[in-house]
Amino acid sequence: MVFVKAQKSKAYFKRFQVKYKRRREGKTDYRARIRLINQDKNKYNTPKYRFVVRFTNKDIIAQIVSASIAGDMVLGAAYAHELPHYGLEVGLTNYAAAYCTGLLLARRVLKKLEMDDEYEGNVEATGEDYSVEPAESRRPFRTLLDVGLVRTTTGNRVFGALKGALDGGLDIPHSDKRFAGFSKDSKQLDTEVHRKYIYGGHIAAYMTTLMEDEPEKYQSHFSEYIKKGLEADGLEEMYKKVHSVIRADPTPKKSEKQPPKEHKRYNLKKLTYEERKAKLIERLNALNAAAGADDDEDDD
Amino acid sequence: MPAGHGLRSRTRDLFARPFRKKGPTPLSIYLRTYKIGDYVDVKVNGSIHKGMPHKFYHGRTGRVWNVTKRAIGVEVNKQVGNRIIRKRIHVRVEHVQPSRCHEEILQRIKRND
């Protein structure tokens, strides 16, 4: 049957309660957010920092954020699209790039807080579980991982970013259960496998298998790598270099941006109150003048 | 069988959430800080089941005398028989709002300083 009675009446809409805006957009998990933000009341105004990791299709966003009633305040941020400055051109959303982004954010924030000399973190990235030890003067910078709406499976890239931040020197409570290389059967983290993932070993392995079996697919899939001249063997070296460059200078680079160029206006600009009043007076004068002319004509 | 006088008896409407405000509570409730000596209103949030005060205290205003991890200690006046007792209750922060009863005095102090 083609016509169906209207399902949603006016009463339905009157009673409808909308979910929170960010829930409607599907971006925020409020249940998790309440638990991450809630600070002990007997700690008063001490900020509680979240280490936020979000993945888009082509970028990784890592931020250290504290919440306030006016809005969340970002202490520091690092993006995967900044990694070309540090020598990483391709593969900006893989596990290794996530590690680099987490590391970059950690070093950046520690440098901002002037703690980067005390808390070097784990300079040589092995895959094993590393936690920061408290130094003499200040306690380590503590933050909580905020994954967002991601399904936290073993080997997820958010944990790559987490590992980067941990090795960078941040204090983030964690367990090694979800790092790449943890085996459910032996209940242990295989540090060799995790190290492989941090240095892009899984990508290098795929590159070699594709080169042997399906060269055309290799050309199409890894075209950017080929263009930059990256081979499967050279990946680990490249990532090691990137790590050291990040540790050398993590400050963000300001890019020169031209002021945005003027666009042609396709709709009329809204007039201000004074402009509208002036227009009205003009119109009235014109009308009176025309009416005066008509009266003169009529009189004559 | 008779009605019963349990802890939450006769609170069907009192503890109900207002129209179209059901579900998750806004985050600003959790971000407010309370210091000892502040005045607060006790207003029960029926969707949070922990740390609920008794229905008597709904709508009362008192002073903060204690601050713990998730709750606030509030000192409220209650008339028992022929006297008024200052009762100390602990209430979770979701059931508490900062009171504006003292606001005018605080502003006057600020202006006079």
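## The largest cavity

The largest cavity of this predicted model has a volume of about 30 Å³. A cavity here is a set of points, on a 1 Å grid over the protein atoms alone, where a 1.4 Å probe fits but cannot get out. The volume is the space filled by probe spheres set on the points, with grid points joined across faces, edges and corners. Counting cavities of 30 Å³ or more gives one. Rolling a probe the size of a water molecule over the atoms shows where empty space is left.

Residues from chains A and B line the largest cavity: A:Asn38, A:Gln39 and A:Lys41 from one, and B:Tyr30, B:Lys69, B:Arg70, B:Arg92, B:Val93 and B:Glu94 from the other. A lining residue has an atom within 4 Å of a point. By class, the lining has five charged, two polar and two nonpolar residues. Asp, Glu, Lys and Arg count as charged; Ala, Val, Leu, Ile, Met, Phe, Trp, Tyr, Cys and Pro count as nonpolar; the others, Gly among them, count as polar.

## Basis of the values

The model is predicted, and local features need pLDDT of at least 70, side-chain atom pairs count only at pLDDT 80 or more, while totals for chains, interfaces and linings use all residues. Residues are numbered from 1 along each chain as its sequence is written, chains are lettered from A and ligands numbered from 1 in the order in which they are written, and side-chain values use heavy atoms, with hydrogens and water left out.

## B:Glu94 in the lining

One of the lining residues, B:Glu94, sits in the loop of chain B between strand S4 (83-92) and strand S5 (96-98). Helices (H or I, at least four residues) and strands (E, at least two) are DSSP runs, numbered from the N terminus. B:Glu94 is buried but has no salt bridge. Buried means under 20% relative accessible area, exposed means over 50%, and partly exposed lies in between (1.4 Å probe, protein chains only). A salt bridge is a side-chain nitrogen of Lys or Arg within 4 Å of a carboxyl oxygen of Asp or Glu.

The nearest side chain of opposite charge to B:Glu94 is B:Arg92, 4.3 Å away. For charge, Lys and Arg count as positive and Asp and Glu as negative, with His and the chain ends not counted. The side chain of B:Glu94 does make a polar contact of 3.2 Å with that of B:Tyr30. A polar contact is a pair of N or O atoms within 3.5 Å; within protein, one must be able to donate a hydrogen and the other to accept it, and residues adjacent in sequence count only if both atoms are side-chain atoms. B:Tyr30 and B:Arg92 are also among the lining residues of the largest cavity.

## Salt bridges

Over all chains there are 19 salt bridges. In chain A, A:Lys21 and A:Glu25 are joined by one at 3.8 Å, N to O. A:Lys21 is exposed, at 52% relative accessibility, and A:Glu25 is partly exposed at 40%. A:Glu224 and A:Lys227 form another, with the closest N and O atoms 3.3 Å apart. Both residues lie in helix H9 (residues 223-227) of chain A, three residues apart, about one turn of the helix. A:Glu224 is partly exposed at 37% and A:Lys227 is exposed at 64%.

In chain B, the closest N and O atoms of the salt bridge between B:Arg100 and B:Glu103 are 2.8 Å apart. B:Arg100 is exposed at 63%, and B:Glu103 is partly exposed at 28%. A network of salt bridges links A:Arg33, A:Arg50, A:Arg54, A:Asp72 and A:Asp146.

## Positive phi angles

Most residues other than glycine have a negative phi. A:Glu114 is not a glycine, yet its phi is positive, about 60°. A:Glu114 lies in the loop between helix H4 (95-112) and strand S4 (144-146) of chain A and is exposed, at 63% relative accessibility.

B:Arg20, also not a glycine, has a positive phi of about 60°. B:Arg20 is in the segment before helix H1 (28-31) of chain B, and is partly exposed, with a relative accessible area of 42%.

Chain B has two helices and five strands, in the order α-β-β-β-β-β-α from the N terminus. The C-alpha trace of chain B spans about 65 × 40 × 25 Å along its principal axes. Of the 113 residues in chain B, 29% are buried.

In chain A, A:Val158 belongs to helix H5 (residues 157-168) and is buried, at 0% relative accessibility. A:Val158 and A:Phe179 are 21 residues apart in sequence, with their C-alpha atoms 9.3 Å apart in space.

Terms used
On a 1 Å grid over the protein atoms alone, a cavity is a set of points where a 1.4 Å probe fits but cannot get out, and a pocket is an open set with protein on both sides within 12 Å along at least five of seven lines; lining residues have an atom within 4 Å of a point.
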